[in-house]
Amino acid sequence: MATVIVITSGKGGVGKTTTSAAISTGLALCGYKTVVIDFDVGLRNLDLIMGCERRVVYDFVNVIKQESNLRQSLIKDKRVDNLFILPASQTRDKDILDIEGVGRVIDELSESFDYIICDSPAGIERGAFMAMYFADEAVVVTNPEVSSVRDSDRILGLLASKTRRAEQGGKPIKEHLLLTRYDPLRVDKGEMLSVEDVKDILAIPLLGVIPESKAVLQASNAGTPIILEGDSDAGQAYDDAVSRLLGEERMHRFLEVEKKGFFSKFRLFRS
Ligand SMILES: Nc1ncnc2c1ncn2[C@@H]1O[C@H](COP(=O)(O)OP(=O)(O)OP(=O)(O)O)[C@@H](O)[C@H]1O
Ligand SMILES: [Mg+2]
């Protein structure tokens with residue numbers, strides 16, 4: 001039986017797809033057979049960030065409509081063993097997903113995968129519901145700003161009321177907070193909320209803090225999940241987050257403004 005994890009946020013553009021690509025790649029690198037599904041029907045971003053857009057023949061909607069089977073539609077990652085992508089359709093109406101169809105696909109994937117990662121579209125409409133409905137765990141991606149935190153709070157309400165686990169009255173979905181695009185300098189200046197502020201408002205366990213990093217855009221332009229850029233701070237922060245997801249304890253990093261070393265101070269002084 002697979003563990004189904006939704007990557008969700010409410011607010012758009014906060015880093016869900018970046019996170020879905022990083023976490024699925026990280027889990028596969030740890031040896032877990034992992035599939036990442038793009039629920040953002042109509043936009044199709046995940047395959048670009050995963051660098052497999054030219055290999056898409058059949059997509060998630062084809063499988064739901066039984067126009068293709070899973071074997072034909074899953075794309076096997078070329079760099080990482082155990083990693084598969086189920087891309088979204090670019091052309092279809094985003095209301096095409098339905099609970100029966102999505103449930104059938106999740107059940108079939110559950111038979112052979114350890115993890116199913118669902119990359120949610122923004123908003124609280126149908127696509128976002130479908131992405132969260134079958135979840136066992138949720139990663140709530142939040143930026144350190146009021147509008148993003150407010151939307152994450154709304155999503156927490158929906159996770160507790162509109163999902164299969166909520167309806168069946170079983171164990172609640174395990175929630176994780178992932179704070180992304182964190183810039184300690186701007187936090188110090190009072191322009192952004194701090195980790196503590198966001199933790200206080202949302203009151204769910206902190207999975208990780210991903211720093212604002214130019215490396216993220218460069219990696220996504222190159223079709224490389226940022227976690228594969230082991231030298232980057234954001235890549236390392238995602239690596240820590242994956243370890244915590246698997247139950248390991250790791251210190252949080254990148255929370256403070258980086259102190260300049262002696263030599264860089266010296267250069268600063270001379271210039
Ligand atoms: N840690 C980061 N540092 C800098 N830029 C980032 C970071 N995380 C994400 N971004 C950038 O933010 C933008 C949005 O990221 P992404 O597409 O992952 O968000 P999303 O939540 O999936 O958006 P949507 O709601 O449209 O699906 C992208 O340009 C991405 O490169
Ligand atoms: Mg996205």
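A residue is near a molecule or strand if one of its heavy atoms lies within 4 Å of it. Of the 16 residues around ligand 1, Gly 13, Lys 16, Thr 17, Thr 18 and Ser 213 come nearest. This is a predicted model, in which local features need pLDDT of at least 70 and side-chain atom pairs count only at pLDDT 80 or more, while totals for chains, interfaces and linings use all residues. Residues are numbered from 1 along each chain as its sequence is written, chains are lettered from A and ligands numbered from 1 in the order in which they are written, and side-chain values use heavy atoms, with hydrogens and water left out.

**Ligand 1**

- Polar contacts are pairs of N or O atoms within 3.5 Å; within protein, one must be able to donate a hydrogen and the other to accept it, and residues adjacent in sequence count only if both atoms are side-chain atoms.
- An oxygen atom of ligand 1 lies 2.9 Å from a backbone N or O atom of Gly 13.
- For Arg 181, a polar side-chain atom is 3.0 Å from an oxygen atom of ligand 1.
- Ser 213 places a polar backbone atom 2.9 Å from a nitrogen atom of the ligand.

**Helix α7**

- Helices (H or I, at least four residues) and strands (E, at least two) are DSSP runs, numbered from the N terminus.
- Helix α7 covers residues 146-159, and its end C-alpha atoms are 20 Å apart, which agrees with the 20 Å that its 14 residues should span at 1.5 Å a residue (the expected span is 1.5 Å times one less than the number of residues).
- Its buried residues (under 20% relative accessible area; exposed is over 50%, partly exposed in between; 1.4 Å probe, protein chains only) are Ser 148, Val 149, Asp 151, Ser 152, Ile 155, Leu 156, Leu 158 and Leu 159.
- Seen down the axis of α7, these buried residues fall within an arc of 170°, so they line one face of the helix (the arc is that of the directions from the helix axis to the C-beta atoms).
- They pack (heavy atoms within 4.5 Å) against β1, α6, β6, α8, β7 and α10.

**Cysteines**

- With a disulfide taken as a pair of cysteine sulfur atoms within 2.5 Å, the count is zero.
- The sulfur of Cys 52 is 16 Å from the closest cysteine sulfur, in Cys 118, too far for a bond.
- Cys 52 is buried at 3% relative accessible area, and Cys 118 is buried at 1%.

**Positive phi angles**

- Most residues other than glycine have a negative phi.
- Ala 203 has a positive phi of about 55°; this exposed residue, at 61% relative accessible area, is in the loop between α10 and β8.
- Phe 254 has a positive phi of about 65°; this partly exposed residue, at 23%, is in the loop between α12 and α13.
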